[in-house]
Amino acid sequence: MRLVKMAKKFVCREIGMDCGFEATAETEEALMPQIAEHAKTAHNMQTIDEAPMAKIKAAIKDA
Ligand SMILES: [Zn+2]
């Protein structure tokens, strides 16, 4: 039996940013650090608060 790996994808534009950033990872857990790093370096968000975090999680799709 083969397991199908469902990758997760985040596109920054989907949370309303004018930004071409996209990240993919095998799991949401692996994706979050990439998003946090991008938020810090590209959007000057040192931490991600609850409201944007909810938006980000809603924007994460199966790739
Ligand atoms: Zn961005």
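Visitor: Hi! Before we start, what is a nonpolar core here?
Guide: A nonpolar core is a set of buried Ala, Val, Leu, Ile, Met, Phe, Trp, Tyr and Cys residues joined through C-beta atoms within 7 Å. Keep in mind that this is a predicted model.

Visitor: Great. Which residues make up the largest nonpolar core?
Guide: There are five residues in it: F10, L31, I35, A39 and I56.

Visitor: And which element gives the largest share of this core?
Guide: That would be helix 1, with three residues. As background, nonpolar side chains tend to be buried together in soluble globular proteins.

Visitor: Let's zoom in on I35. What is I35 in contact with, leaving aside its neighbours within four places in sequence?
Guide: I35 is in contact with F10, A23 and I56. F10 and I56 are also listed in the largest nonpolar core.

Visitor: New topic: where does E26 lie?
Guide: E26 lies in the loop between strand 2 (22-25) and helix 1.

Visitor: Is E26 buried or exposed?
Guide: E26 is exposed, because it has 12 other C-beta atoms within 10 Å and the cut-off for exposed is 12 or fewer.

Visitor: Which residues does E26 touch, again skipping neighbours within four places in sequence?
Guide: E26 is in contact with K5 and A7. The C-alpha atoms of E26 and K8 are separated by 5.8 Å, and the two residues are 18 residues apart along the chain.

Visitor: Last one, N44. Where is it found?
Guide: N44 is in the loop between helix 1 (28-43) and helix 2 (50-59). Its phi is near 55°, a positive value in a residue other than glycine.

Visitor: Why does N44 count as exposed?
Guide: Because N44 has 7 C-beta neighbours inside 10 Å, and 12 or fewer means exposed.

How values were computed: Residues are numbered from 1 along each chain as its sequence is written. This is a predicted model: local features need pLDDT of at least 70, side-chain atom pairs count only at pLDDT 80 or more; totals for chains, interfaces and linings use all residues. Helices (H or I, at least four residues) and strands (E, at least two) are DSSP runs, numbered from the N terminus. A residue is buried if 20 or more other C-beta atoms lie within 10 Å of its own, exposed if 12 or fewer, and partly exposed in between; C-beta atoms are placed from the backbone. Two residues are in contact if their C-beta atoms, placed from the backbone, lie within 7 Å.
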